Amino acid sequence: MESSQIQASAPGAAPGRKSRAASAPRWLVNGLAALVLAGILAYLYLKTEAVDYARHEQRMAALLRLKEIDFRWSLEALRAAPGSGTDAAAGASPRLADEALARIADAMAGVAEPEMDIALASLRREMAAKARLLEQLRGPQAAAEEGPALVEQALRLPTGARIDTLMTLLSQRFQRLLDEKEVYRIYLVYYSAALLVLVAWVGSRLLHSLALLRDANEGLERRVEERTRELSDALRHLKESETMLIQSEKMSSLGQMVAGIAHEINTPLAYVKSSLQMVEGELPGVRGLVAECDRLVSLLAGGQATEEQLGAQFNLAAQAAERFRERGTEELERLLSDGLHGIHEISELVLSLKNFSRLDRSKVARFSLNEGVENTLLIARNIVKHKSVVKRLGDIPPITCWPSQINQVLLNLVTNAAQATAEEGGIISITTRREGANAVAVDVEDNGHGIPEQVLPRIFDPFFTTKEVGSGTGLGLSIAYKIAEQHGGSIRVASRVG
């Protein structure tokens, strides 16, 4: 069987996403600003790091060592000059000069200044040239006439001036670094102070924002409480409206049956009235018989009446009794029996109508579903009187429910089945049965025109109807569906056109 389901869908959170999308650029700008400020602070801090005094001392020591080597080479050249009166002594080895130059080059690896590179290259050339001249002076084959010229060339080489120039350049650069570090320190102090002021301002704004947020949160909580109360009131009014709507539909259904019920009441009422009228017509004869018998008894009780008077009165009483006997007491008994039967039927109709129209919806009781079917068919007798009703009432246990609501469901289903079938040949079948171990079910079937496939999913929607305007409210099946859900049950439908 196909089941009809009502699904509720929650509205999307588009407004929340829009709000977050609108606030995203603001957070992005704030984040970028914070990164820029932190980057500036890191840059200033790196610029104010301590100057590498050890590296500077290493460079200056290497230059002083090289200057010492140059001095020893110059002294060696002077001693090697003819006529100096001293023997030439071996000076510093060229290897020591090369090592000193290598140490200077390593120490100046981080210095990227063209002027110093040029000065260092010139120093290398001059020191290499001076080393070559000293090698020639140390040779035994050097001619006496060439010695003074070689000494003069060695002494004229500006190695010392090159070393002094390089030392001066390094000292100037070191001083510039110190001055630059000091400037960046000043910048860092002022920037840090500005950041502290900014942080203090941001902190005050945050505190202000927190206060505003706290106030807004309190206001929001108040509004939520107010909204909750409003929703609770709305829910209560909705439940009241639902109750009124169900009762209104019930009264509407009953109102449509009033004419039929009145007709059903009129039928037994008519023969009750007819029986009573016929009994009323027999009352004069009964009164005449009683009067003649009373006069006869009075004559007998007085003791003064003659035989002729007693005989005449006896004949009158006998004639009255004969006339009453001719009409028969069986007729009176039949009339009284018909009247009592009609009154019993009227009583059943009134009681069923009372059960359907009562307002005690909150009263939960044990209820026989079979009894509910019987009461429903009794109330709907005028609607189904031209239909063939087949009842298959099974052996089912009572259920705990709101009896008036279950009666409303049964009445709506039977009414729909009757309206869906033809005036002639319509068949309505009602079956009650067990379903599982702890449930009961009722099946209402008819041989009507069926429900189109495109209409089938909507038959339980409120106010949906395929009837003509003024013929239905579209609430019958909707209310039945709601009542079944409230009882923890369900309504399933299977139908095909034709």
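Helix packing and burial

Tutor: At 7% relative accessibility, aspartate 70 counts as buried, because the cut-off for buried is under 20%. Note that this is a predicted model.

Student: Where does aspartate 70 sit?

Tutor: Aspartate 70 lies in helix H2, which covers residues 53–79.

Student: And what does aspartate 70 touch?

Tutor: Leaving out residues up to four places away in sequence, aspartate 70 contacts Met127, Lys130, Thr159, Gly160 and Ile163.

Student: Switching to the helix pair. At what angle do H11 and H12 pack, and how far apart are their axes?

Tutor: H11 (residues 403–420) and H12 (residues 476–486) pack at about 145°, and their axes are 9 Å apart.

Student: Is the crossing left-handed or right-handed?

Tutor: H11 passes H12 in a left-handed crossing.

Student: Which residues meet there?

Tutor: From H11, Gln405, Gln408, Val409, Asn412, Leu413 and Asn416. On the H12 side they meet Gly476, Leu477, Ala480, Ile483 and Gln486.

Student: How many of them are nonpolar, polar or charged?

Tutor: The contact of H11 with H12 has five nonpolar and six polar residues, and no charged ones.

Student: Why call H12 largely enclosed?

Tutor: Because eight of the 11 residues of H12 are buried, the rest of the structure largely encloses this helix.

Student: Which ones are buried in H12?

Tutor: Gly476, Leu477, Ser478, Ile479, Ala480, Tyr481, Ile483 and Ala484.

Key: Residues numbered from 1 in each chain as written. Predicted model: local features only at pLDDT ≥ 70, side-chain atom pairs only at ≥ 80, totals over all residues. Heavy atoms only, no water. Axes fitted to C-alpha atoms, helices over the stretch in contact; angles between N-to-C directions. Helix = DSSP H or I, 4+ residues; strand = E, 2+ residues; numbered from the N terminus. Left-handed = near helix turned anticlockwise from the far one by under 90°. Contact = heavy atoms within 4.5 Å. Nonpolar A, V, L, I, M, F, W, Y, C, P; charged D, E, K, R; others polar. Buried < 20%, exposed > 50% of the residue type's maximum accessible area, 1.4 Å probe, protein only.
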